[in-house]
Amino acid sequence: MRYGILSDIHSNLEALERVLRFFKELGVDEYYCLGDIVGYGANPKECLQIIRSLGVTCVAGNHDWAVAGKLNPDNFHPDALEGVYWTRNQLSDEEINCLRGLSLVHKTRDAEFVHAMLSKPERFQYMAYSSEAVETFSLMARPLCFIGHTHVPQIICMRNGKAQSIKGPGINCDPGQKYILNVGSVGQPRDGNPMAACGIYDTDSRYFEAHRVAYDIAIAQEKILRAGLPASLAERLSLGR
Ligand code: ZN
């Protein structure tokens, strides 16, 4: 079985469609979304409809809950906050309810899925350094935990009692070890690489690989500007910041 894992789509329809096509080409069987379907970009309705129509298992992101009125977005960056208010006006009550109903953590036989961290997942704290992964490792009831939120792909492993970052896009997951796998962001990467990020995990071979997919950034940028959203949200897409 192949899991296709995507996170932080952020209403970027061009990036989402391209990643889903890539998953199809690589024979993905099951789709998992780690939250932040909406916010920042110009196509929240379309992205939400696609995720729902494909039956993607999805957990809640801070932007999803902020748009749904379930999380106070006062500490968001002003541009992000503008995106939250704009997005609320694009969605129906039923769609807002769908975002409100997203749960914080999902578990399969092999893995756990959460937007930010397993410790106090409702606080959506950033796991920017491997040292911040220790609490999540201690709470993991499965060997793997897939996360997003930072928009930076990362593989962290617990070795000799220490959380360590592992280089490279892919890893053979040792069944005796625990791994935290950050798949990065589909719709707004922030690691300096503007290509859409996603991950594929094969449950038979236990191989995980982080992938990058090129998409039409110019169209996504044009839509953001046409929608009257902050220009910085368009600019950052081509910088991957
Ligand atoms: Zn995000």
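**Exercise 1. Which helices do the buried residues of H5 pack against?**

Solution. The structure is a predicted model, in which local features need pLDDT of at least 70, side-chain atom pairs count only at pLDDT 80 or more, and totals for chains, interfaces and linings use all residues. Residues are numbered from 1 along each chain as its sequence is written, and side-chain values use heavy atoms, without hydrogens and water.

Step 1. Helices (H or I, at least four residues) and strands (E, at least two) are DSSP runs, numbered from the N terminus. Helix H5 spans residues 93–100, and its buried residues are Glu95, Ile96 and Leu99; buried means under 20% relative accessible area, exposed over 50%, and partly exposed in between (1.4 Å probe, protein chains only).

Step 2. These residues lie on the same side of H5 because they cover an arc of only 100° around the axis, the arc being that of the directions from the helix axis to the C-beta atoms.

Step 3. The buried residues of H5 pack against helix H2 (44–53), helix H3 (62–67) and helix H4 (78–90). Contact here means heavy atoms within 4.5 Å.

Step 4. Leucine 99 touches, among residues beyond four places away in sequence, Ile37, Val38, Leu48 and Trp65. Leu99 is also listed with Ile9, Leu16, Phe23 and Ile37 as having the most contacts inside the largest nonpolar core, which has 53 residues. A nonpolar core is a set of buried Ala, Val, Leu, Ile, Met, Phe, Trp, Tyr and Cys residues joined through side-chain atoms within 4.5 Å. H1 gives the most to this core, with seven residues.

**Exercise 2. Identify the protein donors of the zinc ion and classify the site.**

Solution. Step 1. Donors are N, O and S atoms within 2.8 Å of the metal (3.2 Å for Na, K and Ca); water is not among the atoms, so sites may look incomplete.

Step 1. The angles among the four donor atoms run from 87 to 178°, and the site is irregular. Four donors count as tetrahedral if all angles lie between 85 and 135 degrees; four count as square planar and six as octahedral if opposite donors are over 155 degrees apart and all others between 65 and 115; anything else is irregular.

Step 2. Along the chain, the donors follow the spacing D-x1-H-x25-D-x114-H. Histidine 10, in the loop between strand E1 (2–6) and helix H1 (13–25), and histidine 151, in the loop between strand E6 (144–147) and strand E7 (154–159), are 141 residues apart. Both histidines are buried.
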